[in-house]
Amino acid sequence: MPSKNDKREPVLSRRDFLLRTAATCGAVAAAGVWGYVFYSKEPVRRSDTKIYTFRDYRIADTKVYPQLAVVHGRDAERMVRAAVDKIGGITRFINPGEKVLIKPNVAWDRQPEQAANTNPAVVAAVVRLCLEARASEVWVTDIPVNDPYRCFARSGIEEAVKRSGGKIRLTQESDFLPTDLKGESLKVWPVSGFYHQADRLINLPIVKHHSLSKCTMGMKNLYGSLGGQRNRLHQDINTSIADLATAIRPTFTLLDATRILRRNGPTGGNLADVSAGDTVIAGVDLVAVESYGLRFLDLKPEDIVFIQMAEKRGLGTSDWKSLNVAEMTL
Amino acid sequence: MISRLLTLRNIRRLYAAFFLVLFLLLLGVTGFRRMKGYETPLFLELDPLTAIAAFLTSGTLYKGLALSIFIMAGTLFFGRFFCSWICPLGIVNQISGSLFNKFRAVDTIALNTYRTLYRLKYYLLAFFIAMAAFGSLQIGLLDPIPFVTRSFTVSVFPAFNLQGGWLYLRQPLFNGGTFLGLIFLSVIFANRFLPRFWCRAVCPLGALLGLLSFRPLLRIWRDVERCTDCKKCLGHCHGGCDPHAALRTTECHVCMNCIDDCPEDAIHYGLPRTASAAHLPVDVSRRRLIETALAGAVLYPMLRSTIASGTTPRPDLIRPPGSLPEMDFLRRCLKCGQCMKVCPTNAIQPALLEAGFEGLWTPLLINSIGYCEYNCVLCGRVCPTGAITPLTLEKKLGKGEPKKPLKIGTAFYDRGRCLPWAMNIDCIVCEEVCPTSPKAIWFESVEVQLRDGKTKLLKRPYLDPNLCIGCGICENKCPVRDRAAVRISSIGESRSAANQMILKS
């Protein structure tokens with residue numbers, strides 16, 4: 001009795017046989033090509049990632065203007081304007097159409113009075129100056145320690161920047177670019193990509209106490225450009241700070257000493273830790289600006305290891321008195 | 001033209017779209033940036049089952065939960081309208097169910113006919129209400145509003161963010177997020193086999209609203225003289241409530257589809273007319289109902305007589321600031337995930353078994369992911385049931401009365417892992433980030449001898465337990481990433497009278 005499952009395969013014709021053989025040979029050839037092209041001794045395919053370096057944000061040096069401007073007063077806007085005017089005016093530093101990146105210290109979820117972040121009035125004044133110099137874009141950025149949204153909102157900087165016409169740029173994981181700092185302890189680190197898009201960089205630190213490095217000002221402020229596991233930098237904090245100052249050369253630095261966090265830095269949190277400084281200091285020489293700022297914390301340049309290192313590397317002079325200093329009170 | 005489009009079905013669709021978008025918007029704005037004064041837990045507060053269960057466990061109708069009275073009153077008048085007009089999970093189930101079955105040849109009439117399986121939800125309701133009556137709030141596991149809020153917070157939103165990072169600045173990560181995501185997807189996929197499987201068979205809120213719509217004033221009626229028994233009314237029926245025969249009022253979602261589908265104009269919504277068909281009452285077996293309620297009653301003492309958070313303090317169970325004492329916390333926490341959505345550092349995470357079986361998906365802080373932001377009290381603001389009580393900043397930081405800050409735990413050093421202690425390497429990142437003033441972390445400068453005989457001046461950190469608030473930023477920022485050298489333990493938490501170690505503080 002024949003099987004009930006009697007569906008039969010059709011007999012193979014010559015034409016079908018040739019076609020099938022050709023198709024099989026084609027498949028085998030394709031496998032061979034695949035093996036030839038992709039054979040590798042590496043377990044994972046790596047594409048070459050571009051390693052960036054920092055551009056030099058500075059402008060040509062000149063002796064025409066005072067190298068350090070120190071302005072005392074109460075009105076942050078006028079003080080900032082006066083200080084920048086003294087060192088040559090904003091048009092000396094920013095050409096029309098340039099992209100300007102402003103780096104204040106916005107590391108903490110604190111209010112302006114607690115002096116853990118740069119004074120928002122100072123940031124706003126610098127944003128306005130840049131826009132008056134017809135910068136095409138004015139970006140304000142930082143990579144905070146606390147939640148970025150909270151830091152920018154509660155420091156008052158978000159509001160101040162928006163009102164003065166600038167733009168807040170917050171860094172996402174995808175914005176970081178591997179960058180070679182070519183330092184002694186800092187080699188390739190992820191750096192916020194905005195630093196590679198901007199033409200000019202304005203450093204806007206605040207004067208604060210810090211237990212490990214004794215003080216935090218302009219050089220330590222540059223920590224805020226780094227992503228990755230930057231908490232490891234503490235293990236060699238002075239070399240790290242000097243490395244940052246070597247790799248990143250801002251167009252100029254304007255040090256906010258309107259309020260000084262004298263104790264419990266760099267977080268503060270208590271108004272008793274804050275005293276009035278009522279000063280802003282501007283200059284291209286970051287080491288000089290920083291050395292001047294030490295007086296607010298009752299420190300001397302000799303006490304600060306990273307300032308000594310920076311001076312030894314030729315980044316500037318800690319002897320600010322040797323410079324042409326313009327001091328005024330508004 | 002307009003009057004042709006303005007059918008009851010389309011009006012219901014408009015409402016459904018509105019409420020689904022509203023739900024997503026409210027959940028989307030649940031965060032520091034966009035919250036402003038919006039009532040972000042609105043849907044949870046409208047949920048009568050949440051209100052009743054939380055009332056049973058702790059005896060109060062907490063704040064916004066009073067809004068659920070509107071839904072209860074509405075259901076008494078208009079039937080179980082919530083399920084297809086407002087409920088985000090119901091609407092998502094409806095949309096996916098119709099999409100799954102749109103392009104396949106399926107017998108929708110058979111699928112939409114009532115099945116005895118649909119009794120299950122009443123038994124689940126009895127089980128959870130019995131548990132609640134004894135004092136264990138487990139309803140959030142299956143109550144659709146906490147369920148959908150939690151699913152979206154913990155798995156759907158983070159998954160969407162992965163495709164381009166447009167929802168969050170930092171990709172959120174959640175403890176057991178995949179597990180919750182799979183549960184949510186299973187609920188959605190069940191619609192492929194039985195449309196609105198969840199709503200018809202599982203949903204305890206649906207059961208409660210079904211009971212409330214036992215005899216609603218307005219309902220669907222079928223004119224027996226006009227009806228030709230064509231069963232077209234079953235084609236798009238949401239509830240599986242048999243509008244072609246004796247309507248099961250308790251199952252009817254008032255979706256209005258049968259009215260528009262009826263070629264004879266035999267079905268209307270409103271008051272009964274002369275030839276209106278009779279209705280069927282709720283279909284449950286009283287015996288099963290008592291059995292499941294008994295199961296809940298039996299399970300309760302078992303839940304409470306094990307090593308769990310309510311009986312034994314656990315070091316890794318750090319509750320958000322403002323949380324009630326553990327026993328009360330378990331009475332109020334819905335596991336809805338609002339606090340997890342709002343937390344700016346992603347520290348608040350759904351517990352797995354850290355708090356015992358009862359505490360599944362309740363919030364706890366995982367400091368390797370985030371930490372409690374010093375100036376933040378958002379989690380208490382969004383908690384719909386008050387398991388996390390709303391705090392003022394003054395109260396959290398101890399700036400008003402009482403003068404003591406709120407503690408959620410205490411930090412401990414692991415000197416075998418701490419770089420200055422174990423390896424003579426400079427660090428004290430923990431001291432830098434410690435947010436209190438004066439800082440709870442302090443250091444001693446010591447001169448140590450290194451391996452090569454040289455000496456080094458080193459700062460070694462210590463903790464002041466009276467100043468530490470347990471925020472965990474030290475643990476979060478510690479460079480020893482995998483298991484930090486300073487870790488928070490729940491001991492010393494303000495909410496507990498028993499979990500204390502220091503005599504004087």
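How many residues does helix α7 of chain B have, and how far does the helix reach from its first C-alpha to its last? Keep that in mind as you open this predicted model.

**Stop 1: helix α7 of chain B.** Select residues 88–100 of chain B. The helix has 13 residues and reaches 18 Å, close to the 18 Å expected at 1.5 Å a residue.

**Stop 2: its buried residues.** Stay on α7(B). Pick out B:P88, B:L89, B:G90, B:I91, B:V92, B:N93, B:Q94 and B:G97, the buried residues of this helix. Now show what covers them. Among the covering elements of chain B are α2 (8–28), α3 (42–45) and α6 (82–85).

**Stop 3: where the chains touch.** Display chains A and B together. Here 27 residues of chain A are in contact with 32 residues of chain B. Select residues 148–154 of chain A next. This is helix α5, which gives the most to the side of chain A that touches chain B, with 4 residues. Colour that side by residue type: it divides into 7 nonpolar, 13 polar and 7 charged residues.

**Stop 4: chain A as a whole.** Chain A has 11 helices and 12 strands. Its C-alpha atoms fill a box of roughly 115 × 40 × 40 Å along the principal axes. The radius of gyration of chain A is 29 Å, whereas a compact globule of 330 residues would have one near 20 Å.

**Stop 5: inside chain A.** Of the 330 residues of chain A, 50% count as buried. Take the contacts in chain A with a separation of 6 or more: residues 24 or more positions apart account for 77% of them.

Conventions
Residues are numbered from 1 along each chain as its sequence is written. Chains are lettered from A and ligands numbered from 1 in the order in which they are written. This is a predicted model: local features need pLDDT of at least 70, side-chain atom pairs count only at pLDDT 80 or more; totals for chains, interfaces and linings use all residues. Two residues are in contact if their C-beta atoms, placed from the backbone, lie within 7 Å. Helices (H or I, at least four residues) and strands (E, at least two) are DSSP runs, numbered from the N terminus. Ala, Val, Leu, Ile, Met, Phe, Trp, Tyr, Cys and Pro count as nonpolar, Asp, Glu, Lys and Arg as charged, and the others, Gly among them, as polar. The radius of gyration is taken over C-alpha atoms; the globule rule is 2.2 Å times the number of residues to the power 0.38. A residue is buried if 20 or more other C-beta atoms lie within 10 Å of its own, exposed if 12 or fewer, and partly exposed in between; C-beta atoms are placed from the backbone. The expected span of a helix is 1.5 Å times one less than its number of residues.
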